[in-house]
Amino acid sequence: MRKVVLLTIFAALMMISSAAVAQTTANGTLTVTATVNGSIQLVFNSDAAGVALTGSGTNAATLAFGNVSAFGAVGAGVVRTTTATNFTVSSAVDVQVSKTNSASANYTLTAQLGAADAVNAWTVGGTPVTNASAAGQRNRYQQHH
Amino acid sequence: MNCRFNLDGRKVLLILSAMLCLLAASAGAQTSSGQLTITMSVQSSISLVFQDNPSVGTTGFCPLTNAGTNNVGLDLGTAAFPGNFHTSTCVNYQHITAAFYEVRSAFDVVVSKANSSSPNYRLAAQISTPPPNGVVWLVNNVTLTNTGFTALDAADNFGQRITKTLQVQVRNNVPAQVLLETITFLATAN
Amino acid sequence: MLKTYISIMRGAALAAMLLCGGSALAQTTATGVINGVLINKNGISLQFDTDPAGVTLGAAGTNAATANFGAVSAFGPLAAGVTRPSVTAANFTVRTIFDVQVIQGGLTSTTYTLTANLAAAAPTGLSYKVDAVTLTTASQTIQTNAGYNTDIAHNLDLVVSTAAPGAGGPAVGAPITTTINFTATAN
């Protein structure tokens, strides 16, 4: 009987001892998943010979020709040619396209008017542009136009 | 030799009657009859035993040791506040507040009656020792104390299983230790 | 004399009736005891929770959660909860925020130290940061003296090389999975 009592006490002490051992660390795993995709970016930059852009360096810039006329003064960076029937004003604009995570060697640049213009004719790099369809040309990355 | 007999009147009559009976028997043809009057007082009684719930082994219904008796054991295993840690697969473990966890298990109480016209009984319970700070023992959400019986039910039916849930609520600052409590259930016939 | 006798007998009869009645109304009781045992253990646990500003974690509230950045690129759209704090010529960083909550019970410790390490070497073209600490396969301390029982937000940055696949950049178009191990140690 004495042995049984001692055994019981020992077992109880073992349980208490085990419970008293603090578990002072905890672990966790965070599994992180991502799918990397290639991407390209287009920004407009002010050309040294052209009109300074507002919002240069972004993909939403503004080119303000200012007051234009066939014979009057034009703003800095504006080039004008006048004929008997019309005159043309132009400005150089840089387009910069960057690529990441891509083996693509070059890109196609297209342009299109945001709204129809029944009075004036617009060209980009000599290519007429309208609001009807995009006109384009192939270019290399990170080059200015 | 000093023999001393202390006989009162009834004993003397009894002895004489016995002697007469013996004499009559020895006479052979004579008969005699006797009458033994038995009296007793039947008392009504009730008994209380703990039984495993029919759902024993499933979550929330741990097996009792010595089920079917009025002295049983209920092992709730090992548990801790962090990580919803508990070793027993039959207990219900949950965090009941931001600082307390609870372990619970249900069992059945069966109270039987004999020689009683009592229609039902009331049930109360009491713990044997004051629990450590941050530890609460309950039955069916009724907190138990060691200062007196706490009423659980007012009118339970005899012979029917009454399922009771033993709960232990432990605050998260309670040091590691064995929480042992003897809960006495008292059934009183109404 | 007779009156006295009758009176005594009446009293005795009444007492007997009372006794009988008392016996019939006896308060019958029964008791039983349950010996309940629970071993209360101490320790700490760690779980990941979704931060309101981050991606929704898979298996949030556990210690084995997942964070999916979805499709990431230097210039393209990102999933909800993912931001792109920087883009350079060499790399871009995408970030999400996740919460770590460490819960303690039964200890006197009031703070913990959080460490983290990559389960395996980072895939080509990628590196991982937690709160600006670049992770390696060796354990590094992320936070000391962190408080228990509350969500603590951590930045998880994925730094992606802009190089093309095969030229030092990461594989593209397919999910890349990395496991980060975290350990909280009670101070």
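Visitor: As what does B:Arg104 count, at 22% relative accessibility?

Guide: This is a predicted model, in which local features need pLDDT of at least 70 and side-chain atom pairs count only at pLDDT 80 or more, while totals for chains use all residues. Residues are numbered from 1 along each chain as its sequence is written, chains are lettered from A in the order in which they are written, and side-chain values use heavy atoms, with hydrogens and water left out. Buried means under 20% relative accessible area and exposed means over 50% (1.4 Å probe, protein chains only), with the remaining class in between. At 22%, B:Arg104 therefore counts as partly exposed.

Visitor: How far apart are the closest N and O atoms of B:Arg104 and B:Glu102?

Guide: B:Glu102 has 2% relative accessibility, so it counts as buried. B:Arg104 and B:Glu102 form a salt bridge, that is, a side-chain nitrogen of Lys or Arg lies within 4 Å of a carboxyl oxygen of Asp or Glu. The distance between the closest N and O atoms of this pair is 2.8 Å.

Visitor: Which residue forms a salt bridge with B:Asp108?

Guide: The closest N and O atoms of the salt bridge between B:Asp108 and B:Arg161 are 2.8 Å apart. This pair links distant parts of chain B, with B:Asp108 in strand S5 (residues 100-114) and B:Arg161 in strand S10 (residues 161-171), 53 residues apart; strands (E, at least two residues) and helices (H or I, at least four) are DSSP runs numbered from the N terminus. The partner of B:Asp108 in the salt bridge is B:Arg161.

Visitor: Which residue of chain C forms a salt bridge with C:Arg95?

Guide: In the salt bridge between C:Arg95 and C:Asp157, the closest N and O atoms are 2.6 Å apart. Distant parts of the chain are linked here, since C:Arg95 belongs to strand S5 (residues 91-105) of chain C and C:Asp157 to strand S10 (residues 152-161) of chain C, 62 residues apart.

Visitor: What share of the residues of chain A count as buried?

Guide: Chain A holds one helix and nine strands. Along the sequence, these elements follow the pattern α-β-β-β-β-β-β-β-β-β. Of the 145 residues of chain A, the share that count as buried is 23%.

Visitor: What is the value of phi in C:Asp131?

Guide: C:Asp131 is found in the loop between strand S7 (126-130) and strand S8 (133-134) of chain C. With a relative accessible area of 29%, C:Asp131 is partly exposed. Although C:Asp131 is not a glycine, its phi is positive, at about 50 degrees.

Visitor: As what does C:Ala132 count, at 61% relative accessibility?

Guide: C:Ala132 also lies in the loop between S7 and S8 of chain C. Its phi is near 75 degrees, which is a positive value in a residue other than glycine. Because its relative accessibility is 61%, C:Ala132 counts as exposed.
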